[in-house]
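Here is a quick tour of the model on your screen.

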Amino acid sequence: MLTISLRFAADLAALLGPADARRAGAVRRVLPAATSVKDAIEALGVPHCEIGAVVAADGSTRALDDPVADGDRLSVAGIGRADPGRARFLCDRHLAALARLLRTLGFDTAWDPAWGPAELARRGLNEDRILLSGSRALLKRRLLGAAMLIRDDDPDAQVAAVIRRFGLAGRARPFARCPLCNGEVRPVPKADVAARIPPRTALWLDEYFLCTGCGQLYWEGTHVAALRERLAGILAAAGHGQ
Ligand SMILES: [Zn+2]
């Protein structure tokens, strides 16, 4: 057996179990010999994809596959912010509402209820997407790219947490993507879609938008004002503290 201590950056400390989080400062662990850095950290509830760097007391960096050594004092930092220009997302099957909201805010977000853990891991890597999941078990898989553990139950709080985490508050483009299919939504001349507009709507509205993916037709109906207000609330919550 060996004894190590782990000190977590503030954003990771929130992921620790209640007993460990209550302990201020370093968490001491007694572990079997031949435990990897990854396993030592994940045993405390922090998925490895949330880990940015592990630094030993002498300043050297440890890889996740390195074994821990008796007496190690390790500092663990989170992954921090992704390059906002590359912030493309992938939601697990339970996060449909989060996927729709991210799309509505203009963020490229893939989601399909048919995708299981292996498919999500494959797509995250191949398509360079940040995997969003509420499952710690899923995020502990090896061969996983960037990911974020979603801890809130409320979709508005979930999307605010994602935007805050990756510093995206200024990059939202409300209504730029189709919540149904993730396609880009573009203005379309009224005459081109006249046959699809309900006659009462056509009387008072001249601006229409078409999804380039699934062909869904959009216009600023009465419900949009409420949605616009909701999105503004999310962005305000996400921008708080930046
Ligand atoms: Zn669409």
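## The parallel sheet

Four strands make an open sheet in the order β7-β6-β8-β9, with parallel pairing. Strands here are DSSP runs of E at least two residues long, and helices are runs of H or I of at least four, both numbered from the N terminus. Strands count as paired if DSSP finds at least two bridges between them. β7 (109–110) and β9 sit at the edges with a single partner strand each, so one side of each has no neighbour in the sheet.

Helix α5 (residues 117–126) packs on this sheet and touches β6, β7, β8 and β9. Its direction makes about 175° with that of β6. Contact means C-beta atoms, placed from the backbone, within 7 Å; the axes are lines fitted to C-alpha atoms, for helices over the stretch in contact, with angles from 0 to 180 degrees between N-to-C directions.

This is a predicted model, so local features need pLDDT of at least 70 and side-chain atom pairs count only at pLDDT 80 or more, while totals for chains, interfaces and linings use all residues. Residues are numbered from 1 along each chain as its sequence is written.

## A closer look at β8

Buried means 20 or more other C-beta atoms, placed from the backbone, within 10 Å of the residue's own; exposed means 12 or fewer, and partly exposed is in between. In a regular strand, side chains alternate between the two faces of the sheet.

β8 is joined to strand β6 (residues 89–91) by 3 bridges, and the two run parallel. Here I130 stands opposite F89. Another 3 bridges join β8 to strand β9 (residues 147–149), again running parallel. On that side, L131 has A147 as its bridge partner, and L132 stands opposite M148.

## Two domains

The chain is assigned domain 1 (2–78) and domain 2 (84–239), with bounds from an automatic or database domain assignment. Taken over C-alpha atoms, their centres are 34 Å apart. The contact takes 7 residues from each domain. On the domain 1 side, these are 3 nonpolar, 2 polar and 2 charged. Nonpolar covers Ala, Val, Leu, Ile, Met, Phe, Trp, Tyr, Cys and Pro; charged covers Asp, Glu, Lys and Arg; the others, Gly among them, are polar.

## The whole chain

Zooming out, the chain has 9 helices and 12 strands. Its C-alpha atoms fill a box of roughly 75 × 35 × 25 Å along the principal axes. Of the 242 residues, 30% are buried.

Methods
Two residues are in contact if their C-beta atoms, placed from the backbone, lie within 7 Å.
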